[in-house]
Amino acid sequence: MSESAMKEVNLQSIRAASDPEGLGSARLEEQTRLYEGFATTNIGVWNRLVGELHDAVMSRATEICERQLMEEGFGPPPAPYAFIAFGSAGRNEQTLWSDQDNGLVIGGNGDPAAKDYFAIFGPRLSHILEKSGYPPCPGNVMVSNPLWRKTVKEWGRQMENWRSELGWEQVRYLMIAADMRHIAGDGSLSAAFRRVMHDVFERKSSPEQDLGAAVLRNTVRHKAALNVLGQVITEQNGEHAGDFDVKYGLYLPIVNAIRYLAVVYGVSGSSTLERLNQLNQLEAVPFRWLELSHKAFYTALRFRSLASYKEEGGVLSGTGFLPGEWLRKKEIRSELREALGTVKLMYRTLQRQQRYAERKWL
């Protein structure tokens, strides 16, 4: 398939799907077509096309969910809502086999009728998405979990609670929230969520409650996937022995480092590319640093989609590992080593910032 044929996705069958099984089949058919064109498609174009596919499937899933509840006698939603995405979906950086990371922003003041309705809607929507090919989130960041299904006021209180504690888990939750992106429903509710989040993030605090310092502590836990000789560190044991963990060894370290800088400099973008562009506009860090980060990030995106995957019952699930045989290819090995060198540079810079911040408050 030529690159010219990969300028858009065919969403007609997805938008026409009437049930979860039909939606899953339409998704599988289109993502198979997309995958066939991966080798000849620019990674930036590919990332956009994959995002458009997922957005269409998730949006149609909410419509199917509403219709099912109507047919079962629950009526229409008693309050407006916004279906939102977190994780790679929130950053618009999904692979074809991404799992669920999502939530709801519910309109109104949380009256009992709305609570009862969305307590049914959330798990039902999560089930429809699973039937459509999205495995459950291992961390349970899903609309089926009340923690991620709240009114704007409730979201504000929850984020304030996370902000006041700043333990490892609370910082993790705040960074999940920072990646929020609107998918379907009332966009004004997603905008309200983002305003509340911005206010929580920007609130002045004592040194002990410095959000930037807390995010930095979480971020620099990453260990470089290059050894002292500049060799790529692969898995030593198990079924993926000899393979490289793209997600945790390359992709997430870049995402986390750029997200930290976004928090420090008040950048509003939810995707890594938006954040890099906005940091560049602010001249927040040296241009060469951003340029290298940008290149390494595109490498990470490409290798994530080269990672091995399996298909079970029409559902694709990725392993996140780049097979060892790929690493024996000189071009792949060189590109990976260069990207990991950038990650090492990024984290040396962040570690210096952490040491400076620790001395500052002594």
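Which residue, with a positive phi, follows H6? The answer is Leu166, whose phi is near 60 degrees. The model is a predicted one, in which local features need pLDDT of at least 70 and side-chain atom pairs count only at pLDDT 80 or more, while totals for chains, interfaces and linings use all residues. Residues are numbered from 1 along each chain as its sequence is written, and side-chain values use heavy atoms, with hydrogens and water left out.

The secondary structure comprises 14 helices and eight strands, where helices (H or I, at least four residues) and strands (E, at least two) are DSSP runs numbered from the N terminus. The C-alpha trace spans about 65 × 55 × 40 Å along its principal axes. A compact globule of 362 residues would have a radius of gyration near 21 Å, and the protein chain agrees with its 21 Å; this radius is taken over C-alpha atoms, and the globule rule is 2.2 Å times the number of residues to the power 0.38. Of the 362 residues, 52% count as buried, a term that means under 20% relative accessible area, with exposed set at over 50% and partly exposed in between (1.4 Å probe, protein chains only). Contact means heavy atoms within 4.5 Å. Among contacts between residues at least 6 apart in sequence, 74% join residues at least 24 apart.

Glu154, Trp155, Gly156, Gln158, Met159, Trp162 and Arg163 are the buried residues of H6. An α-helix has 3.6 residues a turn, so residues three or four places apart point the same way. The cover over the buried residues of H6 includes strands S2 (102-106) and S3 (149-151), together with helices H5 (112-131), H7 (168-178), H8 (187-202) and H9 (211-219).

From H8, Val200 touches Gly156, Met159, Glu160 and Arg163, leaving out residues up to four places away in sequence. Val200 counts as buried because its relative accessibility is 2%. Pro78, 122 residues from Val200 in sequence, is 29 Å from it in space, C-alpha to C-alpha.

Helix H7 is mostly covered, with eight of its 11 residues buried. These are Gln170, Val171, Tyr173, Leu174, Met175, Ile176, Ala177 and Ala178. The partners against which the buried residues of H7 pack are H6, H8, H9, H10 and H11.

Two residues illustrate the loop between H10 and H11. Val267 sits in this loop, between helix H10 (246-264) and helix H11 (272-282), and counts as buried because its relative accessibility is 13%. Apart from residues up to four places away in sequence, Val267 touches Ala262, Arg275, Gln278, Leu279 and Leu282. Between Val267 and Leu279, 12 residues apart in sequence, the C-alpha to C-alpha distance is 7.2 Å. Gly269 also belongs to the loop between H10 and H11, and is buried with a relative accessible area of 7%. Its contacts, neighbours within four places in sequence aside, are Glu274, Arg275 and Gln278. Gly269 and Arg181 lie 88 residues apart along the chain, with their C-alpha atoms separated by 9.5 Å.
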